[in-house]
Amino acid sequence: MQLDTVRPLTTFDRRKRTLQFVAGAAAGPAAALLLSYCAFRLHFNLATAGSIDLLVVVLTALRFGLWEATGSSVMAIACLDYFFAPPIHSFHIVDPENWVALASFEFTALIVSRLSVQVQNQMREAVLQRGNTKKLYELSRSILSLNRQEPPGPQIADLIKKNIRVDAVTIFDAAFARLHSDGPCTKEDEELARNAYFCNTDHDDRELCKWQRVLRVGPTLIGAIVLRGIDLTPLIVDAVASLTATALERARSLDKESRAEAARQTEQLRTAVLDGLAHAFKTPLTVISTCTSGLLEMKTLSPAEAELLELIDQHSTRLNVLTSHLLRIAKLESTEIRLRRERVAIPQLIDEIVDECSAQLCGHPVQVSISNQDVAVSADRELLVMAVSELIVNAAKYSSAGSPITVSAQERNNQVVISVHNEGSVIDAEDRELIFERFYRSSAAKHRASGSGIGLSIAKKTAEAHQGSLWVSSERETGTTFYFSLPAIERREHELIAE
């Protein structure tokens, strides 16, 4: 490969090459003519003069190029014929041996010139490749030390410009639809970067020395890059594009990892705080409940005072239940809880929960539909009661006045699915995953009913602790249904538990 096929030529390069060609075309033949004349005056023979002219041709090839060396060889043949081949001072050749000698000289001169040019070009290409390898090595080292506190795009653009020594760099980051540039970039460069990404095309403009590459991580497109510089090759541009894509993806992965770790630590701290607060609340709540119960038992209060004390007792009991919930969810989220598994018959469980929650159902009738009265699960009964109670009470809070609540249970694919259906407000699609996060309440729920926003979180964690799941379906035409699934007891396990 010749050097000019590796590197694009600018207008300045073309002018320089033209001047070199003219100089070589003049200097080579002139040197051959002068040395041939000197050899003639010194009475050298044809073989000696031919060796001198061959040296001139090789030096011309090394200094200027093959075509200039060809011109020198033609001039050398003419001089050897004119000064050394009989008849002297004539371009007429009589002896066939002289024809063979001159033809051999020309052939040898061309072959040697060609080989000399190839060796020189290979040396130049090797030097260029070593330089490019060094630049890429420095770029890869610099990319590994990116500042994670700063956006990666501008840093990468700056490192490419410094290490690869290009005129300008423009990077289009598709994840954020942002452009990052360094050097005298133009609006055209920015458009080229965007178009390269959206059209998924690479393009080289050797006239303007602009190189477009799509940034890929595997089959995924993550952006595009435009480089501008005269000392670039397709190989180094591809390598820079690959390093840029890897650096952007690495920066995103590290950022996600940092966010996940921060979220995990925040969640651990929040869980620890809730756990501490819940334990701290338990003692004063127990004292309050004991005092209110004692005062009520004394029956020395007036009716109004007794009514106020009953209200205090009722709400302290509710606060005590909420504190217990906080303790349970803290243990669930810290994975410290140990499930106290036992056989739980679903029909009896639902009947008990409906009876216990009757005061909180606000007059809504509850319809229980269970096809198989023997359906059971192996679960922590206390957690299960807490989760299903939350679903039923929630259904009463957010259903239309007087509308029925339907609770059903059935077995599907080795899963026991308990569903709680109500008619009324609809849960928006964007809220159907968020409502299971602790303390989250949708804007519609905040104005419709009071609550702490932790009940559904407890139910979700309870399902997951039992290798089950909790999800919701909500449509204006059909109403809202929460589905709570748990692994069913296998027949053999059922018999062992019964024994």
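Which leucines form a nonpolar patch on the surface?

**View 1. A leucine patch on the surface.** Leu55, Leu59 and Leu62 make up this patch, and together they have about 270 Å² of accessible area. Patches like this are built from residues with over 30% relative accessible area and no salt bridge, with nonpolar side chains (Val, Leu, Ile, Met, Phe, Trp, Tyr) joined within 5 Å and like charges within 9 Å. A salt bridge here is a side-chain nitrogen of Lys or Arg within 4 Å of a carboxyl oxygen of Asp or Glu. Areas come from the Shrake-Rupley method with a 1.4 Å probe, and for residues only the protein chains shown count as cover. Leu55 sits in helix α2, residues 46–63. With a relative accessible area of 52%, Leu55 is exposed (over 50%; buried is under 20%, and partly exposed is in between, with a 1.4 Å probe and protein chains only).

**View 2. The whole chain, before zooming in again.** This is a predicted model, where local features need pLDDT of at least 70 and side-chain atom pairs count only at pLDDT 80 or more, while totals for chains, interfaces and linings use all residues. Numbering runs from 1 along each chain as its sequence is written, and side-chain values use heavy atoms, leaving out hydrogens and water. The protein has 13 helices and 12 strands, taken as DSSP runs numbered from the N terminus (helices H or I, at least four residues; strands E, at least two). Of its 499 residues, 39% count as buried. The protein exposes about 28200 Å², and 57% of that comes from carbon and sulfur atoms.

**View 3. Lys210, a lysine tucked inside.** Is Lys210 buried or exposed? Lys210 is buried, because its relative accessible area is 8%. Lys210 belongs to strand β4, residues 210–217. Its side chain makes a polar contact with the side chain of Asp189, at 2.9 Å. That term covers a pair of N or O atoms within 3.5 Å; within protein, one must be able to donate a hydrogen and the other to accept it, and residues adjacent in sequence count only if both atoms are side-chain atoms. Beyond four places in sequence, the residues in contact with Lys210 (heavy atoms within 4.5 Å) include Glu188, His203, Asp204 and Arg228.

**View 4. Phe484 in the largest nonpolar core.** This core has 38 residues, and Ile346, Leu384 and Phe484 have the most contacts inside it. A nonpolar core is a set of buried Ala, Val, Leu, Ile, Met, Phe, Trp, Tyr and Cys residues joined through side-chain atoms within 4.5 Å. Among the elements that each supply at least two residues of this core are α9, β8, α12 and β11, while α10 gives the most, with 8 residues. Phe484 lies in strand β12 and is buried, with a relative accessible area of 0%. Ile418 is 66 residues away from Phe484 in sequence, yet their C-alpha atoms are 5.0 Å apart. Leaving out residues up to four places away, Phe484 also touches Ala387, Leu391 and Val416, among others.

**View 5. Two residues with positive phi.** Arg165 has a positive phi of about 60° although it is not a glycine. Arg165 is in the loop between α5 and β1, and counts as exposed at 57% relative accessibility. Asn414 is not a glycine either, and has a positive phi of about 65°. Asn414 is in the loop between β9 and β10, and is exposed, with a relative accessible area of 66%.
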